[in-house]
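Keep the structure open beside you and try each task before reading on.

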Amino acid sequence: MSLYRNSAWFLKGVTEFTRNGFLSSSKRFVEKDLEVSVAGRSFMITGANSGIGKATAMAIAKKGGTIHMVCRNKDKAEEARADIVKETGNKEIFVHILDLTETRKVWEFAEAFKRKYKTLNVLINNAGCIMSQREVNAEGLEKSFAINVLGVYILTKSLIPLLEKSTDARVVTVSSGGMLVQKLRIGNLQSCAGNYDGTMVYAQNKRQQVVMIEQLAKVHANINFSVMHPGWVDTPVVANAIPDFHRSMRENLRAPEQGADTVVWLAISDAGATHPSGSFFHDRRVVPTHLPLAWSRSSPLEDQKFISLLEDLAKTHQPH
């Protein structure tokens with residue numbers, strides 16, 4: 001059953017997650033929230049060469065922030081960097097090449113970054129993928145899980161010691177409203193059993209992200225963690241992975257800048273850090289992580305078991 005055609009989430013999202021939904025929500029936004037300078041603060045943004053990631057990098061660069069773009073494709077990353085520098089005049093934009101599906105290389109990248117750079121104020125986990133069919137990486141891990149979940153976990157955990165050295169450290173993770181129709185699954189993490197439905201696997205990954213961030217927030221009190229969903233956004237990932245949905249909804253999709261708005265707000269504004277760490281946001285507002293039906297809720301024991309499984313997987317693929 002397709003996530004985007006036959007679910008209560010689709011009916012709920014028709015108005016809330018669309019371009020018109022953003023325009024309606026933006027009427028209550030406080031403009032001065034983003035009237036800040038972040039000169040001297042550094043931001044790592046994964047998937048920063050297109051879509052929400054590039055729009056986020058552009059917005060923060062305009063505020064004077066130092067940007068570390070973590071991207072898979074060097075040519076596209078350098079092109080995006082040139083666009084950002086040209087439009088903002090900010091030359092403190094650095095490109096790092098990393099394929100987040102390659103788990104061991106995520107470890108290696110994070111360790112190398114900590115050796116080279118002495119500060120990191122904000123980590124923005126934006127990169128993600130929707131697979132049309134099941135594929136595995138060189139380590140035998142299903143790619144959607146590897147980039148959307150395990151890669152996010154390893155990168156975040158590895159960089160926490162560096163973040164904790166900073167004042168007002170933050171981690172912002174871009175999730176998806178699709179997770180609202182998923183209950184945390186701690187079995188079949190690699191999507192080996194049953195038919196492979198890429199959109200449903202992606203939605204499960206996004207539920208896993210939310211649980212992950214909630215649990216990390218409980219342990220690391222010196223960092224403000226947040227997770228958000230950007231609504232339906234016209235990005236290359238959506239266009240390539242779910243073309244029928246993109247084609248039918250194109251006129252109603254949000255622009256990348258609209259999808260990035262809450263990411264930027266959470267990353268740089270004072271208001272964005274006033275809510276409890278681990279909160280889930282949509283259009284600058286804390287929202288529930290579950291629809292009114294309680295079937296999607298997992299128990300504290302399940303949540304802790306999931307984190308333990310992630311930790312074990314992460315250690316298994318850690319370079320020695």
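**Exercise 1: The surroundings of Phe145**

Leaving aside residues up to four places away in sequence, Phe145 touches Leu150, Leu189, Gln190, Asn205, Gln208, Leu310 and Leu313. Please bear in mind that this is a predicted model.

Solution. 
- Step 1: Look along the chain for contrast. Lys32 is 113 residues away from Phe145 in sequence, and their C-alpha atoms are 38 Å apart.

**Exercise 2: The nonpolar cores**

Task: work out which residues have the most contacts inside the largest nonpolar core, and which element gives the largest share of this core.

Solution. 
- Step 1: Begin with the core itself. It has 58 residues, and Met44, Leu159, Met212, Phe306 and Leu310 have the most contacts inside it.
- Step 2: Assign the elements. Those giving two or more residues include helix 5 (103–116), helix 7 (198–219) and helix 11 (300–316), along with strand 5 (169–174) and strand 6 (223–228). Helix 6 provides the largest share, 13 residues.
- Step 3: Zoom in on one residue. With residues up to four places away in sequence not counted, Met212 touches Val149, Val152, Tyr153, Phe306, Ile307 and Leu310.
- Step 4: Look beyond this core. A second, separate core has 33 residues, among them Ala48, Ile84, Ile93 and Ala260.
- Step 5: In soluble globular proteins, nonpolar side chains tend to be buried together.

**Exercise 3: Aromatic pairs**

Task: state how many aromatic pairs the structure holds, then describe the geometry of the pair formed by Phe22 and Phe29 and of the pair formed by Trp265 and Phe281.

Solution. 
- Step 1: Count. There are five aromatic pairs in the structure.
- Step 2: Take Phe22 and Phe29. Their centres are 5.8 Å apart with 70° between the planes, and since planes over 60 degrees apart count as edge-to-face, that is the label for this pair. Both Phe22 and Phe29 are buried.
- Step 3: Turn to Trp265 and Phe281. This pair is also edge-to-face, at 6.0 Å centre to centre and 65° between the planes. Trp265 in helix 10 (residues 256–268) and Phe281 in strand 7 (residues 279–282) are 16 residues apart, and the pair links distant parts of the chain. Trp265 and Phe281 are both buried.
- Step 4: Return to Phe29. Arg284 lies over its face, 4.1 Å from the ring centre.

Technical notes:
Residues are numbered from 1 along each chain as its sequence is written. This is a predicted model: local features need pLDDT of at least 70, side-chain atom pairs count only at pLDDT 80 or more; totals for chains, interfaces and linings use all residues. Side-chain values use heavy atoms; hydrogens and water are left out. Rings of Phe, Tyr and Trp (its six-membered ring) pair if their centres lie within 6.5 Å; planes under 30 degrees apart count as stacked, over 60 as edge-to-face and the rest as tilted. Buried means under 20% relative accessible area, exposed over 50%, partly exposed in between (1.4 Å probe, protein chains only). Helices (H or I, at least four residues) and strands (E, at least two) are DSSP runs, numbered from the N terminus. A charge sits over a ring if NZ of Lys or CZ of Arg is within 6 Å of the ring centre and within 35 degrees of the ring normal. A nonpolar core is a set of buried Ala, Val, Leu, Ile, Met, Phe, Trp, Tyr and Cys residues joined through side-chain atoms within 4.5 Å. Contact means heavy atoms within 4.5 Å.
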